[in-house]
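My notes follow in the order in which I looked things up.

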Amino acid sequence: MAETILIEVVGLKDSDCSPFPCDMTRTCGLYDCHPTGKLVPAFEALKKELLEQYGSEIRMDLILIDEEIPVHIREIIATQYPPIPFIVMNGALIPMGRISLPLMQKEVDKRLAIR
């Protein structure tokens, strides 16, 4: 059996999900979280969509760094200074700068293709 792809979404509890406004153009590809524009509802909407598409091939975690920062996330922040929210996939920083279903699908598909 192939290894599960671990997707970690990292941010602050009350942070926005994107630097772009949450409007009806839905360039992020998510609808269940509109019009909040907030990370936690966007994560839940993203998780729902990705689990429907990829099932057991992925695992998703939301890491809120308001109070505690896991060591591996602290190292990424200290060395790469990513904007919040950011995505870590199987331990590697994915430079997205926002929550986006199409961008996430592209990254997952790349990893599934190299198995």
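Pro 19 is exposed, because its relative accessibility is 62%. Pro 19 sits in the loop between E1 and H1. Helices (H or I, at least four residues) and strands (E, at least two) are DSSP runs, numbered from the N terminus. I also checked Pro 19 against Pro 83: they are 64 residues apart in sequence and 9.6 Å apart in space, C-alpha to C-alpha.

A note on the source: this is a predicted model, where local features need pLDDT of at least 70 and side-chain atom pairs count only at pLDDT 80 or more, while totals for chains, interfaces and linings use all residues. Residues are numbered from 1 along each chain as its sequence is written, and side-chain values use heavy atoms, with hydrogens and water left out.

Next I went through the peptide bonds. The bond from His 34 to Pro 35 is cis, with omega near 10 degrees. Pro 35 belongs to the loop between E1 and H1. The bond from Ile 84 to Pro 85 is also cis, with omega near 0 degrees. Pro 85 is in the loop between H2 and E3.

That H2 to E3 loop also holds Tyr 81. Tyr 81 is not a glycine, yet its phi is positive, near 50 degrees. Tyr 81 counts as exposed because its relative accessible area is 66%. I found a positive phi of about 50 degrees at Asn 90 too, again not a glycine. Asn 90 lies between E3 and strand E4 (92–94), in a loop. With a relative accessible area of 40%, Asn 90 is partly exposed.

Then I turned to charges. Side chains of opposite charge can pair when their charged atoms come close. I count a salt bridge when a side-chain nitrogen of Lys or Arg is within 4 Å of a carboxyl oxygen of Asp or Glu. How many salt bridges does this rule give? The count comes to five.

One of them joins Asp 61 and Arg 59, with the closest N and O atoms 3.5 Å apart. Asp 61 is partly exposed at 28% relative accessibility. Arg 59 is partly exposed at 45%.

Helix H3 (residues 101–113) was my next stop. Glu 107 and Lys 110 both lie there, three residues apart, about one turn of the helix. Their salt bridge has its closest N and O atoms 3.3 Å apart. Glu 107 also meets Arg 111 in a salt bridge of 2.9 Å, N to O. These two are four residues apart in H3, about one turn. Buried or exposed: which are Glu 107 and Arg 111? Both are buried. Lys 110 is partly exposed at 43%.

Last, I looked at the core. A nonpolar core is a set of buried Ala, Val, Leu, Ile, Met, Phe, Trp, Tyr and Cys residues joined through side-chain atoms within 4.5 Å. The largest one has 25 residues, and Ile 7, Leu 46, Leu 50, Ile 99, Met 104 and Val 108 touch the most other members. Strand E1 (5–11), helix H1 (39–54), E2, strand E3 (86–89) and H3 each supply at least two residues of this core. H1 gives the largest share, seven residues.

Methods:
Buried means under 20% relative accessible area, exposed over 50%, partly exposed in between (1.4 Å probe, protein chains only).
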